[in-house]
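Trainee: Hi, could you walk me through this structure? I'm new to it and would like to start with the rings.

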Amino acid sequence: MVSPKKFTYAVGRRRSATARVRLFKGKQEILVNGKLATDYWPSKEQQNRYLQPFILTDTLGKYSVTVKIIGSGKMGQIGAFTHAVSRAFNKLDKDKYRPALKKNGLLTRDSRMKETRKVGRGGKARFKKQSPKR
C-alpha cells in the first residue's frame with residue numbers, strides 16, 4: 001500500500017470564485033486546474049499577485065501547490081488563490097506566517113458579489129419603471 005502524500009488543505013474565496021488548495025513541501029510548482037500557473041495567468045501583474053503570499057512569508061521555492069478553481073473571472077480567481085494559500089500557510093505555522101499575511105490583508109475574504117436580480121425589475125437588480133408624472 002502506498003502512503004498518501006502529506007499536504008495542507010485550505011479553501012479560499014473571492015466574489016464568486018472558489019479555490020481548493022493543497023500545499024506540499026518541496027520544489028515550487030504551482031498547478032492551477034491542471035496547467036502551470038505561468039500558463040494560466042501569463043501577465044506579469046497577475047504573476048506578482050499570485051506569488052504575493054509566498055514572497056511575504058519568504059517561502060518562494062519551498063512549497064508546491066495544486067489548486068482547483070471554479071467560478072468568476074481571472075482576477076477573482078487570483079484573489080481566491082491567494083486567500084487559500086494564505087490560509088494554508090496560516091494552518092502550517094500561525095506564529096510565523098500570520099502577522100505578515102494579516103498585515104497585508106490576505107487572510108480576509110473579499111465578499112463583494114454581484115447583486116442578484118429581482119423579479120419584475122426588467123432584468124436588472126435595481127431597475128425600476130419610470131412613473132408617469134402627468
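**Rings, sheet and loops**

Mentor: Happy to. Lys 74 lies over the face of Tyr 40, 3.6 Å from the ring centre; a charge sits over a ring if NZ of Lys or CZ of Arg is within 6 Å of the ring centre and within 35 degrees of the ring normal. Keep in mind that this is a predicted model: local features need pLDDT of at least 70, side-chain atom pairs count only at pLDDT 80 or more, and totals for chains, interfaces and linings use all residues. Residues are numbered from 1 along each chain as its sequence is written, and side-chain values use heavy atoms, with hydrogens and water left out.

Trainee: How many aromatic pairs are there in the whole structure?

Mentor: A search finds eight aromatic pairs. The rings of Tyr 40 and Trp 41 have centres 5.3 Å apart and planes at 80 degrees, so this pair is edge-to-face. Rings of Phe, Tyr and Trp (its six-membered ring) pair if their centres lie within 6.5 Å; planes under 30 degrees apart count as stacked, over 60 as edge-to-face and the rest as tilted.

Trainee: Are Tyr 40 and Trp 41 buried or exposed?

Mentor: Tyr 40 and Trp 41 are both buried. Buried means under 20% relative accessible area, exposed over 50%, and partly exposed in between (1.4 Å probe, protein chains only). Another edge-to-face pair is Tyr 50 with Phe 81, at 6.1 Å centre to centre and 80 degrees between the planes.

Trainee: Where do Tyr 50 and Phe 81 lie?

Mentor: Tyr 50 is in helix α2 (residues 44–50) and Phe 81 in helix α4 (residues 74–92), so the pair ties together parts that are 31 residues apart in sequence. Helices (H or I, at least four residues) and strands (E, at least two) are DSSP runs, numbered from the N terminus. Tyr 50 and Phe 81 are both buried, and together with Tyr 40 and Trp 41 they form one aromatic cluster.

Trainee: New topic: in what order do the strands of the sheet come?

Mentor: The five strands form an open sheet in the order β1-β2-β5-β3-β4, with mixed pairing. Two strands pair if DSSP finds at least two bridges between them. At the edges are β1 (8–14) and β4 (35–36), each pairing on one side only. Strands β1 and β2 run antiparallel and are joined by seven bridges, with Val 11 opposite Arg 20 in β2. Strand β3 (residues 30–32) pairs with strand β5 (residues 63–70) in the parallel sense over three bridges.

Trainee: And what does Ser 64 in β5 reach with its side chain?

Mentor: The side chain of Ser 64 reaches the backbone oxygen of Glu 29 at 3.0 Å. Ser 64 is buried, at 13% relative accessible area.

Trainee: Which other residue has a positive phi without being a glycine?

Mentor: Asp 58 has a phi near 60 degrees. Asp 58 is in the loop between α3 (52–56) and β5, and at 58% relative accessibility it counts as exposed.

Notes
A polar contact is a pair of N or O atoms within 3.5 Å; within protein, one must be able to donate a hydrogen and the other to accept it, and residues adjacent in sequence count only if both atoms are side-chain atoms.
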